[in-house]
Amino acid sequence: MSLPVKFQSNRLVQYAEIGAGLLILAIAFYFIEWTSTIEFHTSMELSATLLAAICSMMALVRYYSRKSPAFLLLGCGFLGTAFLDGYHTVVTSSVFSHLLPSDLSSLIPWSWLASRLFLSIAVFISWAWWYYEYKTRSCLIFKARPIYLAAMVSAFCCFLFFAFIPLPPASFPGYFLHRPADLLPAVFFLIALIGHLRMGTWKTDLHEHWMVIFLLLSFATQVFFMPFSEIVFDTAFYAAHVLKNLSYGAVIIGLMTNIYLTYLKSEEREKQLKINEKELHRRIGENEEARARIEILAMEYAAQSEQLKAARDQAEDAARAKSEFLATMSHEIRTPMNGVLGMASLLLDSDLDVQQRKWVSMIRFSGNGLLTIINDILDFSKLESGKIELEETTFSLSREIDHVASILASDAKQKNVDLSVKIDPDIPPWLVADSSRIRQILFNLIGNAVKFTENGSITVSASLLYPGDERAQIRCEISDTGIGIPEKVQQQLFDRFMQADSSISRRFGGSGLGLAICKQLAELMSGEIGVTSEIGKGSVFWFTFQCRPGSEPDNAGDDLIADAFDTKSLRILLAEDHVVNQIFATQILQKAGHTVDLAANGREAVEAVRSADYDLILMDIQMPEMDGVAATQLIRAFPPPKCRIPIIALTANALTGHREEYLASGMDGYLTKPMNPATLFRTLAEHTRERMPARPERRMTVDNRGKHSEDIPLIDEVQFKISQDAMGQESFNALLLTIQSEASRMVGVIENALEVCAYEQIGKTAHALKGIAMTAGAARLTALAGEIQTDPQSLTETGMNQLRDTVAATVSRIERRMLAEQV
C-alpha cells in the first residue's frame with residue numbers, strides 16, 4: 001500500500017531541502033578558516049567507528065530475521081567500514097602516528113578514502129542485488145561466510161598497505177579541487193542514490209526513506225566538503241566527518257524502524273496465526289463431520305454399486321439372451337426359408353404354364369421380402385452392438401448404381417415408372433470404400449422409391465461434393481414422384497421401426513428398420529443421410545459418404561460375371577437334417593455334374609467320411625445327435641488324408657462372430673442360408689482348386705487387335721449363357737432391359753461430348769458402355785467401345801455412325817432373345 005501523494009511530495013521536498021542546505025553550508029564553510037586538533041579528529045572517528053559497527057549489527061540482525069541478501073551485503077559493508085574507521089582512528093591518533101612510514105598529512109586522507117570507498121562499493125552492490133530481487137520477484141539465497149571473509153580480507157589488506165607502504169601526498173593546494181580522489185566514492189554513492197529513488201520504495205518503506213537520506217549525506221560529504229579540504233583538520237575536513245556520523249545515524253534510524261515494523265508484522269502474523277489456528281480447528285471439526293457423512297454415503301454407494309452390478313449382470317444376461325435368441329431365430333427362420341426360396345427357384349427353372357410361373361414368382365417374391373426383414377433385424381442388431389466393421393474395396397460407383405438400378409428396373413417397368421441414372425463425370429472412375437454397404441443403402445433407398453411411386457419417374461444421381469487426393473465426399477440422391485412424406489414425420493423417419501403413417505405397413509409392408517440401418521451405415525462411412533419431401537409431389541432421399549480415389553484394379557476389364565464353375569465332377573458329402581434343404585442343395589450340385597452323398601446328422605457324417613473318400617464336405621451346424629462343430633473336430637482327428645478334406649459350414653447363423661467361431665473349430669469356409677448358387681460354386685472352386693486339373697479361363701475377352709469389329713460376332717453365346725445361368729432368368733432379363741436403355745443413353749452422351757470435343761467424357765462413357773456390354777456378352781459392342789475408350793480423340797462421324805448401328809443391332813438381338821426365352 002503506497003503513501004498518499006501528499007506525503008510522497010513531502011519526502012521529495014525533504015530530499016531537495018537537505019541537498020540545498022548542504023550546498024549552502026559547503027559554500028559558507030569555504031570562506032571560514034578554522035582548524036582543530038588531532039584529538040578532536042580521533043574522537044570524531046571513534047564515534048564513526050561505533051556507529052558503523054552498530055549499523056553492521058542491525059543490518060545483519062535484519063538479514064538473519066528475513067534472509068534478505070541485500071541486508072547481508074549492507075551489514076558486511078558496514079562491518080568492513082567499522083574496521084577501517086577503527087584502523088583510521090588508531091593510526092591517526094597522537095599515540096600511534098609516529099610509528100607508521102607516512103606523514104599524517106598523507107595517512108589521514110588516504111585511510112579516510114579507503115573507508116569511504118569500501119562503504120560506497122558495498123552500498124552499491126547491496127542496492128544492485130536489491131534491485132535484481134525487486135525486478136525478478138525472486139529471492140536468491142547464498143552463504144554468508146564468503147561475504148564475511150571478503151570483507152575481512154579487504155580490511156586486512158588495507159591495514160597491511162597503510163602499515164608498510166609510504167603514501168604519496170593526498171592534497172593538491174594549487175588546484176580548485178584539493179583532493180579529487182574523494183570523488184570516486186561519490187560516484188558509487190550517486191549511482192546507489194539514483195537507483196533507490198527510481199525504485200520508488202522510499203514512498204512506502206521508512207527504511208528506504210532513511211537510506212535515501214544516508215546516500216544524500218554521503219554523496220554531499222564526498223562532493224561538497226572533502227574535495228575542498230586544503231589541509232587536515234580544516235573546516236571542510238571536520239564538516240565532512242560530522243556529515244559521515246550523521247549519515248550513519250540515518251542508517252541506524254532506518255534499520256531500527258525496519259526492525260520495529262518487522263516486529264509489529266510478526267506480532268500481527270502471530271495473532272493471525274492464532275486466528276487461523278482456531279479457524280483450522282473449526283474446519284477440522286467440519287471435515288470430521290463431512291468424513292463421517294462421506295463414510296455413510298460410501299456405504300450407501302457400495303450398496304448401490306452392488307445393485308448396479310446385479311443390474312449390469314442382468315443386462316448382460318439379457319444381451320446374451322438377445323444374441324442367442326437372434327441366432328436361434330436366424331437359424332430357425334433361414335433354414336425353412338432356404339427350402340422355400342430354393343424350391344421356388346427350382347420350380348421356375350422347370351416347365352410351368354403362365355399361371356403356375358406367376359404363383360411361384362409370387363412365392364419367391366414374398367420369401368425374398370421376408371428374408372429382407374430378417375436381414376434388417378440382424379443388421380440393426382449388429383449396428384447397435386457396434387460389431388459391423390467397414391471393409392475397403394476398390395469399386396466403380398457408376399457400376400454399382402447401374403447394377404442396383406438394373407435389378408430394380410423390372411419392378412419399376414411393371415408400374416410404368418421411368419428409372420434413370422445420372423452420374424457426375426467428375427467422380428473418379430474407381431473409388432476405395434465399403435462397396436457392399438453403399439450398395440445396401442442404394443438397394444434400400446431405390447427400392448423404397450420404386451415401392452412408393454405409382455407413376456412418374458425415379459432419378460438416381462451421384463455428384464462429387466469436394467475432391468481430394470486422400471479423401472473425397474460423394475453425394476447420392478434418389479428423387480421420385482411418389483406419395484410424399486409429411487413434414488412432421490421427416491425428422492423421425494430414420495428412427496427404428498418408424499414409418500410415414502400406420503397405413504404404410506398395411507399397404508406397402510416393411511419392418512421400418514431399413515432407413516434406420518441406412519442412417520447408421522452412412523454415419524459409419526463419415527457421412528449423413530436426409531430427405532426432403534412434399535405430400536403428393538414426391539421425395540428426394542440423399543446420403544453422403546467419404547471415400548478415397550483408387551486405381552483401376554487388374555481385373556477391372558473383366559466381365560461383371562465371375563468365371564463359371566468347372567463341371568468336373570466332385571464327390572461331395574452333404575450333412576443336412578432338413579429334407580427340403582437336402583433336395584435343394586442336391587439338385588443344384590447334381591445339375592452342375594457333382595456326386596452328392598447325404599448325412600442326416602453329424603454322427604452319420606463322421607461314419608461316411610470314415611468309410612469313403614470325399615473331395616469336400618458341406619456341414620450344417622445345428623443337427624440332431626451330433627452338431628456340425630463336434631463332427632468337424634472328430635473328422636480333423638482322422639489320419640491323413642481324411643483329416644485334410646475341406647469342410648464348409650452351411651448354416652443360417654449370420655450374426656457377427658459365428659464365422660470366426662466355425663473357422664476356429666477346424667472348418668475351412670462359411671456359407672449362409674439361403675444358399676446363393678453363385679456363391680456356393682465360388683466357394684467350392686476356391687477350396688477344391690488343388691484337387692482339380694488346370695482348366696482354361698472362361699471369360700469374355702475383347703482382345704481383338706488387328707481384327708475389324710464387323711468380323712466379331714454380335715453376341716458371344718457362351719458368355720451370354722454363363723451370365724444367364726449365373727444370375728437366373730428373371731434377374732438377367734431385368735439386367736438386359738437396363739442395358740437396352742443405358743446403351744442408347746450412353747451413345748447420346750458420347751455424341752454430345754464429340755460435338756464439344758470433350759474427349760475425357762467420351763473415354764469415361766465408352767468405358768461404362770464396354771462394361772455393360774460385356775455383362776450381356778455383346779462382343780462386338782464391347783470391342784468397339786474398348787477401341788473408343790483407348791483413343792477417344794480418333795472418334796469420327798463415321799465411327800459414331802458405326803457405334804449407333806452396333807448398339808441398335810445389339811438391342812434388337814437382345815429383344816429377340818428375350819422373346820424367345822419367354823416363348
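How many disulfides does the structure hold? The structure holds zero, a disulfide being a pair of cysteine sulfur atoms within 2.5 Å. Here are some notes to go with the model.

1. **Ground rules.** This is a predicted model, in which local features need pLDDT of at least 70 and side-chain atom pairs count only at pLDDT 80 or more, while totals for chains, interfaces and linings use all residues. Residues are numbered from 1 along each chain as its sequence is written, and side-chain values use heavy atoms, with hydrogens and water left out.

2. **Overall make-up.** The protein has 24 helices and twelve strands; these are DSSP runs numbered from the N terminus, with helices being H or I of at least four residues and strands E of at least two. Of the 823 residues, 45% are buried. Buried means under 20% relative accessible area, exposed means over 50%, and partly exposed lies in between (1.4 Å probe, protein chains only). Among contacts with a separation of 6 or more, 75% are between residues 24 or more positions apart, where contact means heavy atoms within 4.5 Å.

3. **Cysteines.** A disulfide is a covalent bond between the sulfur atoms of two cysteines. For C547, the closest cysteine sulfur is in C476, and at 9.4 Å it is too far for a bond. C547 is buried, at 0% relative accessibility. C55 is also buried, at 0%.

4. **Helices α11 and α14.** The axes of α11 (residues 435–452) and α14 (residues 514–524) come within 10 Å and cross at roughly 145°. Axes here are lines fitted to C-alpha atoms, for helices over the stretch in contact, and angles run from 0 to 180 degrees between N-to-C directions. The crossing is left-handed, which means that the near helix is turned anticlockwise from the far one by less than a right angle. From α11, R437, Q440, I441, N444, L445 and N448 meet G514, L515, I517, C518, L521 and A522 of α14. By class, this contact has seven nonpolar, four polar and one charged residues. Ala, Val, Leu, Ile, Met, Phe, Trp, Tyr, Cys and Pro count as nonpolar, Asp, Glu, Lys and Arg as charged, and the others, Gly among them, as polar.

5. **Helix α16.** Which residues of α16 (residues 602–611) are buried? They are G602, A605, V606, A608 and V609. These residues lie on the same side of α16 because they cover an arc of only 160° around the axis, the arc being that of the directions from the helix axis to the C-beta atoms. An α-helix has 3.6 residues a turn, so residues three or four places apart point the same way. The cover over the buried residues of α16 includes β8 (571–575), β9 (595–599), β10 (616–620) and α17 (628–636).

6. **T632 in α17.** Helix α17 contains T632, which is buried with a relative accessible area of 0%. Leaving aside residues up to four places away in sequence, T632 touches M619, I647, S665, G666 and M667.

7. **Backbone spots to look at.** Most residues other than glycine have a negative phi, and most peptide bonds are trans. P640 and P641 are joined by a cis peptide bond, with omega about 5°; P641 sits in the loop between α17 and β11 (647–651). N416 has a positive phi near 55°; this residue is in the loop between α10 (397–414) and β2 (417–423) and is exposed, at 66%. S526 also has a positive phi, of about 60°. The loop between α14 and β6 (529–534) holds S526, which is partly exposed at 44% relative accessibility.
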